[in-house]
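Hello,

Here is the structure I promised to pass on to you. Please have a look at it first, and then read my notes below.

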Number of protein chains: 4
Amino acid sequence: MTQAVEKIRLFVAPAPRTVADIFSPADLERLHALGEVFIHEDGPVTDEIFEQHAVHAHIIVGQFDMPAERLMRAANLRAIVNVEGNFLPNVDYAQCFRQGVRVLNVSPVFAEPVAEAALGMAIDLARGISHADRRFRNGTEQYGLDANKDAFSLYDAPVGFVGMGDLGRAILPLVAPFRGVVRAFDPWLPPAYIESLGCEPASLDTVLRESQVVFVVAGVTSQNQGFLTRDEFASMRKGGAFILVSRAGVVDFDAMLDAAATGHIRVATDVFPEEPLGPGHRARSIENVLLSPHQAGALDAVLRDIGRRALADIELIARGLPPVMCKIAQPETVGLMRSKPVDKS
Amino acid sequence: MTQAVEKIRLFVAPAPRTVADIFSPADLERLHALGEVFIHEDGPVTDEIFEQHAVHAHIIVGQFDMPAERLMRAANLRAIVNVEGNFLPNVDYAQCFRQGVRVLNVSPVFAEPVAEAALGMAIDLARGISHADRRFRNGTEQYGLDANKDAFSLYDAPVGFVGMGDLGRAILPLVAPFRGVVRAFDPWLPPAYIESLGCEPASLDTVLRESQVVFVVAGVTSQNQGFLTRDEFASMRKGGAFILVSRAGVVDFDAMLDAAATGHIRVATDVFPEEPLGPGHRARSIENVLLSPHQAGALDAVLRDIGRRALADIELIARGLPPVMCKIAQPETVGLMRSKPVDKS
Amino acid sequence: MTQAVEKIRLFVAPAPRTVADIFSPADLERLHALGEVFIHEDGPVTDEIFEQHAVHAHIIVGQFDMPAERLMRAANLRAIVNVEGNFLPNVDYAQCFRQGVRVLNVSPVFAEPVAEAALGMAIDLARGISHADRRFRNGTEQYGLDANKDAFSLYDAPVGFVGMGDLGRAILPLVAPFRGVVRAFDPWLPPAYIESLGCEPASLDTVLRESQVVFVVAGVTSQNQGFLTRDEFASMRKGGAFILVSRAGVVDFDAMLDAAATGHIRVATDVFPEEPLGPGHRARSIENVLLSPHQAGALDAVLRDIGRRALADIELIARGLPPVMCKIAQPETVGLMRSKPVDKS
Amino acid sequence: MTQAVEKIRLFVAPAPRTVADIFSPADLERLHALGEVFIHEDGPVTDEIFEQHAVHAHIIVGQFDMPAERLMRAANLRAIVNVEGNFLPNVDYAQCFRQGVRVLNVSPVFAEPVAEAALGMAIDLARGISHADRRFRNGTEQYGLDANKDAFSLYDAPVGFVGMGDLGRAILPLVAPFRGVVRAFDPWLPPAYIESLGCEPASLDTVLRESQVVFVVAGVTSQNQGFLTRDEFASMRKGGAFILVSRAGVVDFDAMLDAAATGHIRVATDVFPEEPLGPGHRARSIENVLLSPHQAGALDAVLRDIGRRALADIELIARGLPPVMCKIAQPETVGLMRSKPVDKS
């Protein structure tokens, strides 16, 4: 067991965030109360800076390179806390596990804001909200039942999830009052786990074929890049809604746009293969696509939540207790993650 | 007590709906199984038609004139079922109550679809969903935090209701997972009732001042026309969201648009003083207004729900039991209602 | 519509309750604020007292005789509020409906306390709680799995309801977290209504055969006395739990005891054909019966809730609005009720 | 990352359970489908048996000694799965963490059955269920309000938790419908975590002083033995309910009985300092104590759930994925646990 020590040492280099972005004054004060806090915000963490200020730290906050050489020299190190939502490949995770160093990220802070946006997008697709507003603005709206010929309701509609991590679990209570059966496909989770969430475990094929609304919340791994292809879109129900809020890398983006452009499905996407999207990109003018500029998790309030959540786990670790608020890197899977290096959403 | 009789007689004149719109074949069969069913769909119910086909009915389905003269001649009559969402002034309600005739409408069918749309509109206002899509389409979108400067989240945000009838109660479970305190103002309901729904009873003033999101779900009565005026909008939080899904008659529409145009509040409205809205109406171009063409309750699926719900109560009444699925006219309040005569939403 | 008047007149004769039992000082003050309140607590309401103090009342609180003669003389009368949980046969309900007099009782106050007790009894039967405590007290307890050979868990167990009124609906949220399918039989409710509560509508036979736990919450009417007979108990699952919390009159009590005595089912009952039960009654010594002395709804806190609930509706009625907190007598069914005249539970 | 391999090797020595107890035939078949399964049920795992059959295993099921010597020889080992609810001191956890060996137990299977029993005990204490039954059996019952003078209702009553692990979290949904504020004390969890469960984080003192019902669900550690002493019981509300369902070791048992015997509080306990309790132990005759013979988690159905849960994680581990169904030993806390070696509850 990691013992509590008199005064712990923290090295905080939160780039691309800043300390002021993520820690409220009160949270910063609590951070300082834990022991010696060294904050580094001017440029990269060079070997010199590492050697001078980080090598004796008990806890490191940041996402700079942590190869085996640095880790092995950091004899006190208990945890590395990335104040972003991903696990980058610039950390030698195997060495962390050998040394008993916890590696954390703050991805859970994004779950609720993204879930909220995902539900808003789902209702928009189902009920034609932005579509009707657009027609109002160009003077072509219709009223009542005429407005609404293709609309459907989420009530009692079957819902499907591709992936069932933090984000999927945050969406579940939002769709529960609509009473539809909920199916989930997640190859990393056993059926009993998915059942314990009140969902039916299902194959990817079943999720796509049987759901009126499909939420894609799976992250990109080395195993699933582009796994939602033309065939998967073709297998969906005519008029079904497809809401992509995790990573563009899991879909064949062109195939997805085609499926929307032909009217086969409705699509909402918060992510794009390139951001910003090219000025003349055809996605901008497809009627059946709702476009969201990677804003689902981007709220000022979320930044403060990052600090609060990181601080809560840092305080636990300082007391010799296991963290419970952040995402914890798992030896089996951390090497599979394929997020891009910088991700501020 | 109304006894069950061998065969009951129904007179069905569902204009402006049709029998085929609202009753599925199976439901129509069940209707016929109750006894003698006379369907009248060709024009108004003249005195001659009434005398020939309706005067002996136990149950009347429709919204044609029922003055005291007709009612007093209809000695078997137990119930009048309006397959619309309102109680019109062409029925002599006092006489109905004296004779023990139940008067019903099917307004509960609209509660869930309107609640769903209202939540979609609330998330849209909070998170800028249609606004961001609009900017994408004209090539001016921004990404991530930049996209989103004025966004707020419904999570933990205080929610207010003006009115707490069927529609408000259908919205409650949808906003519950967002955890915000919910306040409700309804002058027809005692505080204990509002508390039993998990809401704080509050004055209109408190609801408007303290809520980040305000749902207006109050119907128009002879007592509340235009009661939400310039002063009420001014009392709202800067940046707050105002979602109007009941009747345009409860607000000063111009004052509401002004409050949106100045940026003081965000507005979503499903109802308008005149429908269709004039082609050059300024509402069409205000950024802070989300426009919905009276479509919140207008879904094909709702039509079949009308028939199902009416049938369920008709079957109870035929068996001598009280109705439980439709809205029942109350002697104290039915005279106060001020819906417009024809309302197909 | 009933108009609001300057000052309303109330006649309050709450026997067998007392004003002090049911109204807190603050509630009593609010009652007096409504107008002129005459309280009569000394003996029966004779014709003389009625004529002097009640005949002009707008609202009567109590359960004394209200035959047509009295009603017809009470020209201002809007409502009779019985501060008990039943509708007695000493009121001429038909005349009330003709005159537009609301008749209310406070039965909803009992729903939650009885639901709580019913759940406690269900868990007791399932898990052997009082049985194990009894064995501990006589020194014959066993431990762990040995203690518990016949125990079952409510989790995922099918639950059935006989009746689905206020009380059933109060039990539903308590059993929901146990995730079992819930079936309900109620001949006064249409399937769609039962479905809207998240239950499966079912026949009595199906409820009894398919449920591991059966809650009997149906009141006694002229149509259902003793309808749960030997055959019904025989149809239940071996080892199933039967919880009777409404009225002893709905069951063949001897048959119920026999089904428990043979070990076929487990029984909990809060009601008895005679109370107190005879000193040597065999129910007292059957292992498989949990005995509750008509205490499920009997809590001091409930008395104050009676006053609060009655007051809330009285205030609405005084303002010309429909009551929403109490049970309202329905013309179709009020004549069928068969509660005993005095019922203080 | 742990790679999936062609055929994994399992060594299964489930004493004191048996394979037949915990694995259904279907589950056992799935276990065999994973690779080579060696089952050892005849006596202890001697060094010879270990060397012959376990040393090459990828997964070990059981709770036999695993000192560093054995671990270091088990080069393929990925996980040790104890099919009991505790982490015993006969495993060298530090060595496991160094080698990347997961150590699991199945304690989550007990959470729901114990939660159900805990709720049943809480309602029993509040509403006097077993007490009234006892009086019925000895012919001294009273009826209605008289039966029930000290009863209280869980509705709107403040609830407190000492500890908030798996078991506490399983109780939360069961008490939620009763609407009372819920406070929790858990020194291993940050306030934000407790808030995310819908509870108020509170000190031990506040939990005890402010709660009408206190659930003790904390396990015994080297730091908290006997931490609920005479002072803590004295600080509780008069008439409050204290439900002990974790370990007797966390309380001063005599002080607890005294607090019940004087009538200060009501107590329910599922655990005892010695089991079986001495035949003349005074606990057996205190009116205010509900006695439960360590049966809260002891259900036949739970045994099969042990197998199902262990199997689900074994299948994940076999595929190179992290376990999600069992309790995972944490380096910071596993050394603090003080369960007794054999625990079949």
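**A serine in a loop**

Leaving aside residues up to four places away in sequence, D:Ser107 touches D:Glu84, D:Gly85, D:Asp166 and D:Lys327. Please keep in mind that this is a predicted model. D:Ser107 sits in the loop between β5 (102–105) and α6 (108–127) of chain D. The residue is buried, because its relative accessible area is 17% and the cut-off for buried is under 20%.

**Chain C against chain D**

Now to the interfaces. For chain C and chain D, the contact takes 60 residues from chain C and 60 residues from chain D. About 4,900 Å² is buried between these two chains, and carbon and sulfur atoms give 58% of that area.

How many salt bridges are there between chain C and chain D? The count is 8. One of the salt bridges in the model pairs D:Glu141 with C:Arg284, where the closest N and O atoms are 2.8 Å apart.

Which elements of chain C each supply at least two residues to the side that touches chain D? They are α6 (108–127), α7 (129–137), α8 (166–175), β12 (289–291) and α13 (300–318). The largest share, 11 residues, comes from α6(C). By class, this side of chain C divides into 33 nonpolar, 13 polar and 14 charged residues.

**Chain C against chain B**

Chain C also has a contact with chain B, which takes 25 residues from chain C and 25 residues from chain B. Here the buried area is about 2,200 Å², with 63% given by carbon and sulfur atoms.

Between chain C and chain B the count is 2 salt bridges. In one pair, the side chains of C:Glu332 and B:Arg102 meet at 2.7 Å, N to O. There is also a salt bridge between C:Arg102 and B:Glu332, with the closest N and O atoms 2.7 Å apart. C:Arg102 lies in strand β5 (residues 102–105) of chain C and B:Glu332 in the segment after β13 (327–328) of chain B, so this pair joins two chains. Both C:Arg102 and B:Glu332 are buried.

The rule for polar contacts finds 6 residue pairs across the interface of chain C and chain B, both at pLDDT 80 or more. On the side of chain C that touches chain B, α5 (93–99), α9 (191–196) and α13 each supply at least two residues. That side has 17 nonpolar, 4 polar and 4 charged residues.

How are these two copies related? Chain C superposes on chain B by a rotation of 180° with 0.0 Å of shift along its axis, at an RMSD of 0.0 Å. The two copies are therefore related as by a two-fold rotation axis. Within chain C, the C-alpha nearest the axis belongs to C:Arg98, 2.7 Å from it. The same surface serves both copies, as 100% of the contact residues of chain C recur in chain B.

**Chains that do not touch**

Chain A and chain C do not touch, and their nearest C-alpha atoms are 9 Å apart. Chain B and chain D do not touch either, with their nearest C-alpha atoms 9 Å apart.

Over all chains, the count comes to 84 salt bridges. Among them is a pair within chain C, where the side chains of C:Arg183 and C:Glu200 meet at 3.5 Å, N to O. C:Arg183 is in strand β7 (residues 182–185) and C:Glu200 in strand β8 (residues 200–201) of chain C, so the pair ties together parts that are 17 residues apart in sequence. C:Arg183 is buried at 14% relative accessible area, whereas C:Glu200 counts as partly exposed at 37% relative accessibility.

In chain D, D:Asp205 forms a salt bridge with D:Arg209, their closest N and O atoms being 3.0 Å apart. These two residues are 4 residues apart in helix α10 (residues 204–210) of chain D, so about one helical turn separates D:Asp205 and D:Arg209. D:Asp205 is partly exposed at 39% relative accessibility, and D:Arg209 is partly exposed at 36%.

**A helix in chain A**

Last, helix α8 (residues 166–175) of chain A has 7 of its 10 residues buried, so it is largely enclosed by the rest of the structure. The buried residues of α8(A) include A:Leu167, A:Ile171 and A:Val175. The buried residues of α8(A) pack against α6 (108–127), β6 (159–162), β7 (182–185) and β9 (213–216) of chain A.

Best wishes

Conventions
Residues numbered from 1 in each chain as written. Chains lettered and ligands numbered in written order. Predicted model: local features only at pLDDT ≥ 70, side-chain atom pairs only at ≥ 80, totals over all residues. Heavy atoms only, no water. Contact = heavy atoms within 4.5 Å. Buried area = accessible area lost by both parts, 1.4 Å probe. Salt bridge = Lys/Arg side-chain N within 4 Å of Asp/Glu carboxyl O. Nonpolar A, V, L, I, M, F, W, Y, C, P; charged D, E, K, R; others polar. Least-squares fit on C-alpha atoms with pLDDT ≥ 70 in both. Buried < 20%, exposed > 50% of the residue type's maximum accessible area, 1.4 Å probe, protein only. Polar contact = N/O pair within 3.5 Å; in protein donor to acceptor, adjacent residues only side chain to side chain.
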